[in-house]
Amino acid sequence: AAMEQRTFAAAQTYFSKAQGQVADPAMALNAVIREADAIFMQKNYSKAIALYDKVISANSADADYARYQKAIVLGVTGKRAEKITLLQGLINKTPASTYAYDARYEQALAYIEEDKYQQAITVLQPLTTAQEKRNLAPKAWMKTGFAYQQLHMNDKAIEAYKHIVAEYPAAEERAAALDALKSLYIETNEPDAYAQVLKENNI
């Protein structure tokens, strides 16, 4: 409840106390990870990482979540190479991690931050077709379009943005995709092509 109310210092205290008050080891470790989340939200990154590491070392059911969260913290603190390596472990894990798709998206963001656009596109590609995580597809197409633009491959960028417009009408990324398409078509002196996209999608 304290986390929902964004009173993170109070939440941290509650989760810390809970660890010594529950008999179930799994529940105690869950309290550790929730305390780490509360600390992360207070931007005490080194302490949050230490707690995530504790959960990872215990190899509990929450270990993959801890790895994913630790990777996010590493990215926030500028340690992108370490972030990418940790996320790669989640992506390659057998049996597959429930965080594999989210890890792919975060890894792509790290590549984009390092101007490694082709690597980002490669990592994002499976997300554009994954039925298990359809909510990530429009985000993946959006970043794919951006990466293609940075590579001056405008035709491929246009195709990426058109996927969002045509296939994900309710996605929050749709408005941004339309803006990107409008800019690209103006840049290439093809306003009629943009009008055609609007017509085809009843916009």
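A salt bridge (a side-chain nitrogen of Lys or Arg within 4 Å of a carboxyl oxygen of Asp or Glu) joins Asp53 to Lys70, with 2.8 Å between the closest N and O atoms. Asp53 belongs to helix H3 (residues 45–58) and Lys70 to helix H4 (residues 63–76), so the pair ties together parts 17 residues apart in sequence. Helices are DSSP runs (H or I, at least four residues), numbered from the N terminus. Asp53 is partly exposed at 27% relative accessibility, whereas Lys70 is buried at 17%; buried means under 20% relative accessible area, exposed over 50%, and partly exposed in between (1.4 Å probe, protein chains only).

The model is predicted, with local features requiring pLDDT of at least 70 and side-chain atom pairs counted only at pLDDT 80 or more, while totals for chains, interfaces and linings use all residues. Residues are numbered from 1 along each chain as its sequence is written, and side-chain values use heavy atoms, with hydrogens and water left out.

In total, 11 salt bridges are counted by this rule. One of them links Glu113 and Arg80, at 3.7 Å from N to O. This pair connects distant parts of the chain, with Glu113 in helix H6 (residues 100–113) and Arg80 in helix H5 (residues 80–92), 33 residues apart. Glu113 is partly exposed, at 44% relative accessible area, and Arg80 is partly exposed at 28%.

Glu173 lies in the loop between helix H9 (154–167) and helix H10 (174–187), and Lys139 in helix H8 (residues 137–150), so parts 34 residues apart in sequence are tied together. Glu173 is buried, with a relative accessible area of 12%, while Lys139 is partly exposed at 27%.

Methods:
Helix = DSSP H or I, 4+ residues; strand = E, 2+ residues; numbered from the N terminus.
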